[in-house]
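Subject: Structure handover

Hello,

Here is the structure I promised to pass on. Please open it first, then read my notes below.

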Amino acid sequence: KRQGSCVHASTIYTLRWLGEYDLANFWRENYGDGETGSGIMAKLQKAKIPFYATAKGDPAVLEYATKTRRAAIIWFFPSHCVTFCGFAKDENGVECAYICDNNRVQQFIKIEKQSFIKRWQTQYDGFACCFLGVPLPPPLYPALVEIE
């Protein structure tokens, strides 16, 4: 029996984010165990899944993911892959990175943006892979409608 892998769990989460449910189910059935950045990119190429990636800590990949409402898989925390969900201002107006850890999916983890980028680049190798499938629709904004 294969062991679970944070890289494949994050890949499945990201494929579902893009609405690629059949592909996510295929991935879940066929891939597991540990993975490297070059290994996951080779598997994505074999599956003909387009992506934009960096192995050198280029934050442009994360900015692109945020701007286009896509997720990215990243190395963060010791020997661990998580899903980067985007940069956004928190309730105090502070720009933060939001990530989803596949070991604790109950809530997003919020980290101040510049601290996050520095840690990602220096402590966790700066790997990021943003899948280029159809992005989420734009966010809905609160609206007040009065009906008489």
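Contact here means heavy atoms within 4.5 Å. By that rule, and leaving aside neighbours within four places in sequence, F116 is in contact with L62, I74, F76, F84, F87, A97, I99 and I111.

Two notes on the source. This is a predicted model: local features need pLDDT of at least 70, side-chain atom pairs count only at pLDDT 80 or more, and totals for chains, interfaces and linings use all residues. Residues are numbered from 1 along each chain as its sequence is written, and side-chain values use heavy atoms, with hydrogens and water left out.

Overall layout

The protein chain has five helices and six strands. Both are DSSP runs numbered from the N terminus: helices are H or I with at least four residues, strands are E with at least two. Along the sequence the pattern reads α-α-α-β-α-β-β-β-β-α-β. Of contacts in the chain between residues at least 6 apart in sequence, 57% join residues at least 24 apart.

Of the 148 residues, 43% are buried. Buried means under 20% relative accessible area, exposed means over 50%, and partly exposed is in between (1.4 Å probe, protein chains only). The chain exposes about 8,900 Å², and carbon and sulfur atoms supply 53% of that. Those areas come from the Shrake-Rupley method with a 1.4 Å probe; for residues, only the protein chains shown count as cover.

The core

In soluble globular proteins, nonpolar side chains tend to be buried together. A nonpolar core, as used here, is a set of buried Ala, Val, Leu, Ile, Met, Phe, Trp, Tyr and Cys residues joined through side-chain atoms within 4.5 Å. The largest one holds 43 residues. Which of them touch the most other members? They are W27, L62, I74, F76, F84, I99 and F116.

Helix α1

Helix α1 covers residues 6–17. Its twelve residues should span 16 Å at 1.5 Å a residue, and its end C-alpha atoms are 16 Å apart, which agrees. The expected span is 1.5 Å times one less than the number of residues.

Why call α1 largely enclosed by the rest of the structure? Because nine of its twelve residues are buried. They are C6, V7, H8, S10, T11, I12, T14, L15 and W17. The cover over them includes α2 (21–30), α3 (37–46), β2, β3 and β6 (128–131).

S5 caps the N-terminal end of α1, with a side-chain oxygen 3.2 Å from the backbone nitrogen of V7. After α1 comes G19, whose phi is positive, near 80 degrees.

The β2–β3 loop

This loop is worth a look. H80 sits in it, between β2 (72–75) and β3 (81–89). Is H80 buried or exposed? It counts as buried, because its relative accessibility is 12%. The side chains of H80 and D101 are joined by a polar contact of 2.7 Å. A polar contact is a pair of N or O atoms within 3.5 Å; within protein, one must be able to donate a hydrogen and the other to accept it, and residues adjacent in sequence count only if both atoms are side-chain atoms. Beyond four places in sequence, H80 is in contact with C6, I74, W75, D101, N102 and N103.

S79 is exposed, because its relative accessibility is 80%. Its phi is positive, about 50 degrees, although S79 is not a glycine.

P78 also lies between β2 and β3. At 67% relative accessibility, P78 counts as exposed. P78 and Y124 are 46 residues apart in sequence, yet 7.1 Å apart in space, C-alpha to C-alpha.

Other sites

R69 is in the loop between α4 (60–67) and β2. Its phi is positive, near 60 degrees, and R69 is not a glycine. R69 counts as partly exposed, at 29% relative accessibility.

Y98 is in strand β4 (residues 95–101). Y98 and T83 are 15 residues apart in sequence and 8.7 Å apart in space, C-alpha to C-alpha.

L132 is in the segment after β6. L132 counts as partly exposed, at 30% relative accessibility. Leaving aside neighbours within four places in sequence, L132 is in contact with P50, F51, Y52, Y64 and R70.

Best wishes
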